[in-house]
Amino acid sequence: MALDDRIVITGIGLASPNGNNLAEFRQNLLDGKSGVVDYETRYMPPVLAGVCNFDELRYQKRKEVRRGTRAGSIAVYCSNEAVADSGLNWDSVPKDRVGVYLGITEHGNVETENEIYEISQFDYDTKVWSHHHNPRTVANNPAGEVTLNLGVTGPHLTIGAACAAGNAGFIQAAQMLRLGECDVAIAGGVSESIHTFGIFASFQSQGALANHEDPTKACRPFDTQRNGIVVAEGGGICTVERLTDALARGATIYAEIIGHAMNSDASDFVLPNSTRQAECVRLALSRAGISAGDVDIVSSHATATEQGDIEEAKALKAVFDGTPAAINNTKSFIGHAMGAAGALELLGNLPSFDDGMAHATINLENPDTRCVLPNLVANEPRNMGEVNCILNNSFGMLGINSVVIVKTYRS
Amino acid sequence: MTGVEIRQAVLEILERIAPDEDLSDLDDAVAFREQMELDSMDFLDIVMELRKGYRVQIPEEDYHNLNTMQSTVDYLTPKMKDVPVAG
């Protein structure tokens, strides 16, 4: 690959239910600390959720928080953290050469539900429907709020990709950098989904909403006692640059994005498809120019739904059987952060390049024989000695699959 | 509501829509925009909050009356004279 086409991650900002920066997030993943808690949502009995607790006012005024959306605030926080972490001299970065590319599962449900509730208090008088509704609900809102906050005048967009969106944000960034559309990309994924009762109610109706008397044990991928998804909010955003630019400014390089792929199942609205998932993984490996045996850690997508876990296990067995790749899962700690899931799950694994550890999938007490994976890192982190390559799966409804492969950068 | 009560109601609305501002020294004779960061969406918030809290309808052609605290109170006094204090 030409040097100009090589893409690297140079700064990381994140908000997770169990950490407000990479170091905290990583430590809690290694320590088995969950971020799932009891949670109240409108109209429904109490549910469980992954709730973030970052300082919204670190980078926004109270008025800006009020004016915007939760997804916007998450995006602004994570983007600022990423820029600060990148070592970029932000004041001297040409803002028209910065692009913002954020994956989202959905956007606008929170505000629409809020407004409908509000007008219900006024006998459904639409004259009290907020004039803020449209700017809050346009699909580009989270990325747009980042441009407003950071003064970015280059392109911005959100990538609607269901729960494959976090990876899709990184992929979009890599493509735009290669096309020369920007020189710095602020990219990843965000989710505000716990603030819409509809996502909980819909999973409940689908028989796919997790419950457990101990919230920390509710998300149980690959376990026979699993009973569904724990919805979470969060964000994982990086500064992404061409390798040449990163080297020229002496940037710290967290990882090189060596391969990526997206495809579609074309088979069902909600049920996953292991054949297409395996094809997506193989396509990403092929583009990276590596084989399955070169992967040290596979960050699985598994959400703790029966069909989802079984299908992904089939796909992983088809590709990685007989290889030493360790398989782990981040949702077991924080729940399903929707548009942020793929991003957070990749970022939480990146420190493996330095500490040589693979974090676990927790709450795996009774492995489901239909999705046994020999190299699953169960309950306790595994010392891998050396980690050089991580493959990150992220799949979503309507049959959308995304895979990103990253590698340590060595000059 | 009396003029004093209306002023307090408007002040509370301003505190909600401009939570970063210190309104303790607000000059009733000077335009809001000269003392605070307020844009057109914020002015619509004032209109909306009066509508929701006090059922006061303010037609667009009357928005210019919401220029200063004094002009706002003067404009609202006849409209809100029968509104109970609780709002």
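At what angle do the axes of helix α3 (residues 70-86) of chain A and helix α6 (residues 141-150) of chain A cross? Here are some notes, starting with that one.

1. The axes of α3(A) and α6(A) cross at roughly 50° and come within 8 Å. That angle makes α3(A) oblique to α6(A), and their crossing is right-handed. Please keep in mind throughout that this is a predicted model.

2. Sorted by class, the contact of α3(A) with α6(A) has eight nonpolar residues, four polar ones and one charged.

3. Chain B has a helix pair to look at too. Helix α1 (residues 3-17) of chain B packs with helix α3 (residues 40-54) of chain B at an angle of about 125°, and the two axes are 10 Å apart. α1(B) and α3(B) are therefore oblique to each other, because an angle counts as roughly perpendicular from 65 to 115 degrees and as roughly antiparallel over 145. The crossing of α1(B) and α3(B) is right-handed.

4. From α1(B), the residues making this contact are A9(B), I13(B) and I17(B). α3(B) brings D42(B), D45(B), I46(B), E49(B) and Y54(B). The classes here are five nonpolar, three charged and no polar residues.

5. Turning to the domains, the assignment for chain A gives domain 1 (7-248) and domain 2 (260-407). Their C-alpha centres lie 21 Å apart, and the contact takes 57 residues from domain 1 of chain A and 52 residues from domain 2 of chain A.

6. Which elements build the side of domain 1 of chain A that touches domain 2 of chain A? Those supplying at least two residues each include the strands β1 (7-15), β3 (47-50) and β4 (98-104) and the helices α1 (22-31) and α7 (165-179) of chain A. The largest share, eight residues, comes from α7(A). By class, this side of domain 1 of chain A divides into 30 nonpolar, 21 polar and six charged residues.

7. Between the chains, ten residues of chain A are in contact with eight residues of chain B. On the chain A side, five of these residues are charged, three polar and two nonpolar.

8. Finally, the confidence values. The model scores ipTM 0.94 and pTM 0.97. Chain B has a mean pLDDT of 95, with 98% of its residues reaching 70 or more.

Notes
Residues are numbered from 1 along each chain as its sequence is written. Chains are lettered from A and ligands numbered from 1 in the order in which they are written. This is a predicted model: local features need pLDDT of at least 70, side-chain atom pairs count only at pLDDT 80 or more; totals for chains, interfaces and linings use all residues. Domain bounds come from an automatic or database domain assignment. Two residues are in contact if their C-beta atoms, placed from the backbone, lie within 7 Å. Helices (H or I, at least four residues) and strands (E, at least two) are DSSP runs, numbered from the N terminus. Ala, Val, Leu, Ile, Met, Phe, Trp, Tyr, Cys and Pro count as nonpolar, Asp, Glu, Lys and Arg as charged, and the others, Gly among them, as polar. pLDDT is the predictor's confidence in each residue, from 0 to 100. Axes are lines fitted to C-alpha atoms, for helices over the stretch in contact, and angles run from 0 to 180 degrees between N-to-C directions. Angles under 35 degrees count as roughly parallel, over 145 as roughly antiparallel, 65 to 115 as roughly perpendicular and the rest as oblique. A crossing is left-handed if the near helix is turned anticlockwise from the far one by less than a right angle, and right-handed if clockwise.
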